[in-house]
Amino acid sequence: MSGARLALHGLLLAVVIGVQHQLLPGSCNFELGTCGYTSDPEYGSWSMNEEGHLITVDSASLNDQVQAVLVSPLLDQERWSCVRLVYQITGGGSLQLHLRPEGDNFDYPLWTASRASDSWIIASVDLANTTTRYQILLGGRPERGSGNSVAIFEIHIVPGYCMECNFEEHHLCGYSNSWNPNVNWYVGGTVAREPESNLLVNHANKKQRSYYMYVDSVYAKHFQEVAKLTSPMTTVPIAGCLSFYYNRDQEIGNIFSVFTRDQLGHYEEIWRPGVYTTSGWTQVSVDIKAPHPLELVFEVAFNSARGGYVAIDDISFSPEFCHTDTEPTFDPSIANCDFENGLCLYHQERTESKLWSIVSVKPNAYGTGDHTTGTGRFLVANTRFTLQPGYVGRLHGPLLPGNHKYCLRFYYLLHGFRKADNALFLYIYDENNVAQEKVWSLTDSSRAVWTEVEITYMKPMFSKVVFVSICKNFWECGLAAIDDITVSLGDCRMTAGSLPGQCDFEGGLCGYTQDKREDKADWLRIRGHTPTSFTGPRGDHTTGVGFFMYIEASLMRPGDKARLLTSDLRGSSSPQCLVFYHHMYGSGTGILSVLLRRAGRQRDTLLWRRRGEQSISWMRAMADYHCDVRHQIVFEAIRGPTLRSDIAIDDIHFKRGPCEDLDDVPPYSGFSEYFNEIAK
């Protein structure tokens, strides 16, 4: 039997099979050239090996550059496809794959690897269907020092999903075996099954060549010996029908299951055989929904060396669900609400004693506005208009289906000086209005700062979130406000993170740089409140406890400028909408401007400006612009005449424009009797 199978050590490499999938444009084996791939001139260069067959970049060839970027020809592939990449990292370094949509300012990361190896590694990356043409970018970043390099041997782009596989090719579609000394997945061939062996006839034996994967118990030595075969990690959300064939012997001697495993390592069983199964190859269809990256794990556990075998073949996927009774993919955003247009799908429990009120605060230097825009609406419990001691106010959200993991985010704010012990609780209720769990309660006593809360929960039944505020008496009736409720599928730890074109400064400067050419001061990254009283924010806009950028007036002279520049943007054929939040509070506040700096031009173009004190709140700003050449966006702050002149920005976001809900304010406004004095 050992001559008919090959052990899967790490890569599961098998004999090279002559059968090939259809290769799509963008594929290259680098035998006769680079197939239209070129090195981005803004970075270092990739080099063809003198003997061909691979392209590489090493630390010695980069000079002062950090990386070399290999750019594909422009690809026009509307259907779902899979990039199979054979690469090697020697010493230290990394390799990233980005997608560059045509006419877009930004590149979108899909995959990265940094594990060094002494052999070739196979990666599989899904490319979702799109009507926009795009390019693939491969960025090699060898670390400084001798002996560090990144090499690419082969790029294959094939139609379909990366989890699909018939195991006919040597790379086995990137599936990998979790090595076990006794039981492992192997490649099975076309030899007919004999009475004394555990070899199988492939279910598709009409093909000239037929290979499959199987695991045998013959070497199992311990109870519950486990073998795992794992698919590549998906890189984009998918939902549909997973189908595969399996053949199983000695059902009572093994346990066969199929799981999904997310990036956090959480397993979820999606299928296992029934008690009574038919002999021979059997087709299985199971619906899966993957809002976030996951792997398929085919797992077999043997009780003894007489546990038989399990084989699988022809794994496929369809975007259509295979069972008509499967619940369609739903949008949990029905539970989102920013209260700008009412309560959305939320409702109060008792109409005769409504303790929750929608309020708005105009921009001012004393009262905090809403979290959404700084000038909009939010929800407050126990205002002076609804103060009713001895009452409990409950705000019910819409019902959401069970057996799903949800990520709930919202912002809260405390007003006034009363006790906040009972100001706000969060419960999960079932459809019968029975409380299932208290998932959060207010413990922080910080006030006048919008603070983010993240809750991950999952219930087996239909459920809803319920916000509860208790008003015992005048002194124990905290004024609690909520705003910007959002609900998404999945664990909050996986849904966090920013996309290209977004920056909340939580992880650093996002490539933003100080302009040393024309300014006399720098923007500073800070968390918490700024050191000077009566100016600057008390916390950031993103979470209330995170980072933001600001100018410290005490370190500048009146009229001094600080300029913060984005990284180079390629330019876009479509209009762009720039959204950001600014904080301009203080009696001596100066000027904040947003400028467009085109490559090769001497003068910057003004896009947006504010002068003087605006509000004690973070205010949302939007600016439309159109630029189809390389450019940068400049945030320029000018210090006012006094120390109370801190200016801050946060949560910058570029998106395709024009801006849909552009604020009803002119792009240039403000007030300051000191304007002529500080403008230079």
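**View A. K516 and its salt-bridge partner D522.** K516 counts as exposed because its relative accessibility is 59% (exposed is over 50% relative accessible area, buried under 20% and partly exposed in between, with a 1.4 Å probe and protein chains only). The side chain of K516 meets that of D522 in a salt bridge, 3.0 Å from N to O (a side-chain nitrogen of Lys or Arg within 4 Å of a carboxyl oxygen of Asp or Glu). D522 has 30% relative accessibility and so counts as partly exposed. The model is predicted: local features need pLDDT of at least 70, side-chain atom pairs count only at pLDDT 80 or more, and totals for chains, interfaces and linings use all residues. Residues are numbered from 1 along each chain as its sequence is written, and side-chain values use heavy atoms, with hydrogens and water left out.

**View B. The salt bridge between E636 and K561.** The N to O distance in this pair is 3.9 Å. E636 lies in strand β40 (residues 631–638) and K561 in strand β35 (residues 561–565), 75 residues apart (strands are DSSP runs of E, at least two residues, and helices are runs of H or I, at least four, numbered from the N terminus). E636 is buried because its relative accessible area is 3%. Both residues belong to a network of salt bridges that also links D515, R563, R597 and D604.

**View C. The salt bridge between R656 and D104.** The closest N and O atoms of R656 and D104 are 3.6 Å apart. R656 is in strand β41 (residues 647–656), whereas D104 is in the loop between β6 (93–101) and β7 (108–113), 552 residues away. R656 is partly exposed at 43% relative accessibility, while D104 is buried at 8%.
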